[in-house]
Structures are given as C-alpha cells and as structure tokens.
Amino acid sequence: MTWLRDWSHRGHVALRVLCLPGAGTAAHTFRRWSQLLPAEIGVVGVELPGRGSRIDEPPVHSLEEVLRPLSEEVAELADRPLVVFGHSMGATVGAELCRTLGRERGFTPDLLIAAACEPPRLTPHKDYGRWLTEQGALDFLRHVGATPPELLADEEYMRMLLPALRADLTVLATRPPAEDRPLGCPVRVYLGSSDPGVCPDRAAHWRAESNGDFAVRTFASGHFFLQDQMSEVLAGLLADVRATLGAVAPPAPAHRPEFRARPL
C-alpha cells in the first residue's frame, strides 16, 4: 500500500486503529503505539506525500487529492472493526475520510477520535489563510508550540519541513464539500487543556457529527499532548474503544510495564 503503514504485530488482529498525523508531520508519530497497545489492536499509520517515507514525492494541496486514494486503501481494512484517530489536521482528514467511506464505500468506521481539532464544518470556518506563506507557516509553528527555537532557526530543517506544512495548511484553508449528513459513528474529542489553537466550546460541536454517542477527554498539556501525555492518551483510547466496541478490545497486558495507564 502507498498511503498506509501497518505496524500490527499479528495477521489476525481484533481491530485496527488508523492514525492520521497533524500538519507537516509523518506517520512515524504513531509507530510506538504498536509497541504500547495490546497486540490484538493493530496500528496503521497514514503517510501523506512529501514527508516521512514519501519525502521525495510532491505534497498534495487539497482534500480531494488525499481522500480519493486514501479511501481506496482504507476500504481494504473493512474486514475488522476500525477506529479512526486523527491529531489536528489528521482529525479533519479523518472526519472527511469517514464521510467518504460511508458515502462511496458503504463502510462506516466504528469510532472517530478527533484530537486537538475543531470541527472542520463549523461556521465560521477557521482561518488558515494567514499561515499559507513561508513566514505564515513559521508563525503557525510558533503559535502551536513544541518546535524548539533551534529548529526554527535551522534553515536546512525548515527547507525540508515547510513545503509539506504549507501544503497541509492549504488543505485546511479549503472548506470541505457541502454535506449535511453526520458521520454516523460515535465520536470522542481529545483536547489539551492549554492548547492555544483549539477553543473547547467550538470543539464541543463535534457532537453534531456523532450518532449520539459523544464524549470529551481533556489532557493536562498543550497542542501536542499525544507526546506529552502518551500513557494517558492510550489509556483513554483503550477505554473508549471498549465502551464502543465491547469485548473485542482486550485490556492492556500486565507484562508491558512501559504502558502505565492511570485509572479512568
């Protein structure tokens, strides 16, 4: 597959988590999850052109360029329950992927987890236009935080990062096609308590995309709480998967000491 990176530990997993990274980042953001989650849960990352293992490919600049080929590959995962987990831009793409799969493939994922992101169809549409220039993309990195100043000052690193980041911001700046139907699956929203880019009141509007099964989890961190609070995020993910899919999601095994989930 071109768009998917499957890090599952066995061929017959009970379910899969499809992980979509944020703007400018790559699938390997989620690779460690395959080591920390129970082996029965397959972890599959989405690799967009222009980053990670596809660094030599030109990045894409529209949702349509992402959704058409990605939905073709993801449809091959319909043989198991599927959880779609998207961080930031990945949540926007993940939501539209769920909609596309339901409309064109007759396949609706079992759960969407939207992390660090406001609903893409909420009015007024969030303004990404101010970040589309090279300077704007640098301002965006400063705005969301977690990029060390020495990397922002590293011209070679920025030359590698900025084309993909600016392409992703262009994707986000374009409103998705008009469609009134909700996603038709449970939705969970994960937020960082000090995330400067997400308003909790606006994020609560993800409820309208759900099938009525909706909840919000908040983590004590900023926009990149997936890295800062990884154990807590994975514990929340496991709890939400069990709540929506039942016994198909096994508990975390005791022999994996690196996964220290707090009680929920």
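View 1. The lining of the largest cavity is made up of 15 nonpolar, seven polar and four charged residues, where Ala, Val, Leu, Ile, Met, Phe, Trp, Tyr, Cys and Pro count as nonpolar, Asp, Glu, Lys and Arg as charged, and the others, Gly among them, as polar. The space in the largest cavity comes to about 240 Å³. Among the 26 lining residues, Thr92, Cys117, Lys126, Tyr128 and Leu172 are the closest to the centre of the largest cavity. Two or more lining residues come from each of α3 (89-105), α4 and α6, and α4 contributes the most, with three. A cavity is a set of points on a 1 Å grid, laid over the protein atoms alone, where a 1.4 Å probe fits but cannot get out, and lining residues have an atom within 4 Å of a point. Points are joined across faces, edges and corners, and a volume is the space filled by probe spheres set on them. Helices (H or I, at least four residues) are DSSP runs, numbered from the N terminus.

**View 2. The second largest cavity.** With a volume of about 40 Å³, the second largest cavity is lined by Leu20, Pro21, Val46, Leu48, Met89, Gly90 and Val93. Its largest share, three residues, comes from α3. By class, six of the lining residues are nonpolar, one is polar and none is charged.

**View 3. The largest pocket.** A pocket is an open set of points with protein on both sides within 12 Å along at least five of seven lines. The largest pocket holds about 630 Å³ of space, and of its 31 lining residues Ala23, Gly24, Thr25, Tyr157 and Leu161 are the closest to the centre. The elements giving two or more residues to this lining are α4 (134-144), α6 (155-173) and α8 (225-228), with the largest share, five residues, from α6.

**View 4. Packing of α4 against α6.** The axes of α4 and α6, lines fitted to C-alpha atoms over the stretch in contact, lie 10 Å apart at an angle of about 90°, which makes α4 roughly perpendicular to α6 (65 to 115 degrees, on a scale from 0 to 180 between N-to-C directions). Glu134, Ala137, Leu138, Phe140 and Leu141 of α4 meet Met158, Leu161, Leu162, Leu165, Arg166 and Leu169 of α6, contact meaning heavy atoms within 4.5 Å.

Residues are numbered from 1 along each chain as its sequence is written, and side-chain values use heavy atoms, with hydrogens and water left out. In this predicted model local features need pLDDT of at least 70 and side-chain atom pairs count only at pLDDT 80 or more, while totals for chains, interfaces and linings use all residues.

Technical notes:
Parallel < 35°, antiparallel > 145°, perpendicular 65-115°, else oblique.
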